[in-house]
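Please walk me through this model in the viewer, one selection at a time. I would like to know what to pick next and what is there.

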Amino acid sequence: MDDLFPETRERLSLSSGAVLLGGFARAEAQALLHAVEIITQQAPFRHYRVAGGGRMAAAMTACGDYGWVSDGQGYRYVRTDPLTGRPWPALPSLFLALAGRAARAAGYEGFVPQCGLINRYAPGAGMGLHQDRDERIMEAPVVSVSLGLSAFFQWGGAQRQDTCRKVLLHHGDVVVWGGPSRSHFHGVLPVRSAQTGTGLECRYNLTFRVVD
Ligand code: SIN
Ligand code: FE2
C-alpha cells in the first residue's frame, strides 16, 4: 500500500477512539513540570497500598475536585487528600487548557476534567495492565500526558487477554482514549533510566479525568 496517509507519531491511532498525539505538550512541558512541583509541595507523592499488602511501584498524587486513592481495601475517588486531610490542590488552568485542547484534537469536544492524577515512575517502576473504571462517568475520555523519561505504554483491548500494542511514550507526548476505547486495558512497562536530554530522572504522567 502506498503511504498517502502515513502513520505519524504526531497523530497515531491506537484503536477506535484512542490516539497518540506525539509531542502535543512538548512546548509547555517545563511549565507543566513546574506546576507539578507546586502541587506536590501541598500534596506530596506517596506510594499507595494495594490489595494483598504491597505498594504501588509508581508514586502518586492528585489535583482537582477529586483524587484517586488506594488503601489496600479498595480504590476510589475522594475529595480530601488522606495524607494531609486537606482538599486536593486545584487543577491549574494550564492543565485544564491542555486537557481540553488535547481532547478536542482527538475528537472529544467540551472536555472539562475534575481530576488530574499525577504518577511518578522512578527507573524500574511500571504499572500493570488494568482498566480505568473507577470513574462514575465513562462517557468522557482520559487524557494522559507523559513527561521526563520515556516508557513503553501497553495498549490492549476490552479483554485482559487481548493482544497489546507497545508504544514508546516520550517527554511531551499525549494519549487520549475515549468512546469505544474508554475501558481498554493498558499499562506501563518498567521505566528504564536513559538520557532524555530533559535532565529528569523519572517519568511523570498526568491523567485528566471526569469522575462524576
Ligand atoms: C494510567 O494508566 O493511569 C497511567 C498511564 C501512564 O502512566 O502512562
Ligand atoms: Fe490507567
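Helices (H or I, at least four residues) and strands (E, at least two) are DSSP runs, numbered from the N terminus. This is a predicted model in which local features need pLDDT of at least 70 and side-chain atom pairs count only at pLDDT 80 or more, while totals for chains, interfaces and linings use all residues. Residues are numbered from 1 along each chain as its sequence is written, chains are lettered from A and ligands numbered from 1 in the order in which they are written, and side-chain values use heavy atoms, with hydrogens and water left out.

Select the sheet. Seven strands make up an open sheet, ordered S1-S2-S11-S8-S13-S6-S3, with antiparallel pairing; two strands pair if DSSP finds at least two bridges between them. At the edges are strand S1 (12-15) and strand S3 (59-64), each pairing on one side only. Neighbouring strands are turned by 20 degrees against each other on average, direction ignored; axes are lines fitted to C-alpha atoms, for helices over the stretch in contact, and angles run from 0 to 180 degrees between N-to-C directions.

Next, S8. Strand S8 (residues 142-148) is joined to strand S13 (residues 203-209) by six bridges, and the two run antiparallel. Ser146 has Asn205 of S13 as its bridge partner, and Val145 has Leu206 of S13. Towards S11 there are four bridges from S8, again antiparallel, and Val142 stands opposite Trp177 in S11. Because seven of the seven residues of S8 are buried, S8 is largely enclosed by the rest of the structure; buried means under 20% relative accessible area, exposed over 50%, partly exposed in between (1.4 Å probe, protein chains only).

Helix H1 (residues 29-42) lies across S3, strand S6 (115-121), S8 and S13, at about 95 degrees to S8. Helix H2 (residues 93-105) lies across strand S2 (18-21), S3, S8, strand S11 (174-177) and S13, at about 115 degrees to S8.

Move to ligand 2. Which residues are the protein donors of the iron ion? They are His130 (NE2), Asp132 (OD) and His186 (NE2), lying 2.1 Å from the ion. Donors are N, O and S atoms within 2.8 Å of the metal (3.2 Å for Na, K and Ca); water is not among the atoms, so sites may look incomplete. The sequence spacing of the donor residues is H-x1-D-x53-H. His130 is partly exposed, with a relative accessible area of 21%, whereas Asp132 is buried, at 5%.

Note on methods. Contact means heavy atoms within 4.5 Å.
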